Amino acid sequence: MAPPPMMTNGVNGTTLGMPRRKRMIMHMTFYWGKDALILFKGWPGTNNIGMYALALIFVFFMALLVEWLADAMSRMKSDGAASGLAQTMLYGLRVGIGNMVMLALMSFNVGVFLVAVLGHTLGFFFFRVIIRSREERDVISNSC
């Protein structure tokens with residue numbers, strides 16, 4: 001059964017007896033602006049620069065955490081069922097958080113894109129370059 005036709009009042013196409021809801025626009029191209037819908041309905045909200053900044057910080061740390069988990073997994077030795085289970089759990093956590101970052105990027109907000117790339121980049125640099133080179137240097141100095 002089809003729903004009944006909507007009656008309009010002729011002014012801006014509004015329907016009679018139906019309250020107008022403010023709709024969030026979903027962009028399909030990159031855009032600048034703080035009015036974005038990131039991960040959860042109503043978050044960070046509109047006209048709230050503080051919540052937008054908090055959302056950017058959250059995405060940044062999720063991307064950083066993905067890189068830390070990748071580094072932690074590469075350091076683990078797989079020598080039994082317990083360590084294999086731990087690696088599997090870390091892998092699932094890393095994939096879950098990585099997909100959350102990807103879903104945040106689907107807001108097509110340039111700010112979200114930039115902090116996600118920055119989080120991954122700084123995470124890689126810190127965990128894979130700085131810390132590993134320091135550890136390799138310590139191993140070499142301890143063996144001499």
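The largest nonpolar core of this predicted model holds 22 residues, with Ile 38, Val 59 and Val 112 making the most contacts inside it. A core here is a set of buried Ala, Val, Leu, Ile, Met, Phe, Trp, Tyr and Cys residues joined through side-chain atoms within 4.5 Å, buried being under 20% relative accessible area with a 1.4 Å probe and protein chains only. At least two core residues come from each of α1 (49-75), α2 (81-105) and α3 (110-143), and α1 gives the largest share, 10 residues. Helices are DSSP runs of H or I, at least four residues long, numbered from the N terminus.

Ile 38 touches Trp 43, Pro 44, Tyr 52, Ala 55, Val 59, Ala 104, Ser 107 and Val 112, leaving aside neighbours within four places in sequence; contact means heavy atoms within 4.5 Å.

As for how α2 and α3 pack, their axes come within 9 Å and cross at roughly 150 degrees (lines fitted to C-alpha atoms over the stretch in contact, with angles from 0 to 180 degrees between N-to-C directions). α2 is therefore roughly antiparallel to α3, a label for angles over 145 degrees. Where they meet, Val 101, Ala 104 and Leu 105 of α2 face Val 112, Phe 113, Ala 116 and His 120 of α3.

An unreviewed UniProt entry lists residues 49-70, 82-105 and 111-131 as "transmembrane region", though such annotations may be inferred rather than shown by experiment. Residues 49-70 are 100% helix, with end C-alpha atoms 32 Å apart.

Numbering runs from 1 along each chain as its sequence is written. Local features need pLDDT of at least 70 and side-chain atom pairs 80 or more, while totals for chains, interfaces and linings use all residues, and side-chain values use heavy atoms, without hydrogens and water.

Technical notes
Buried < 20%, exposed > 50% of the residue type's maximum accessible area, 1.4 Å probe, protein only. Parallel < 35°, antiparallel > 145°, perpendicular 65-115°, else oblique.
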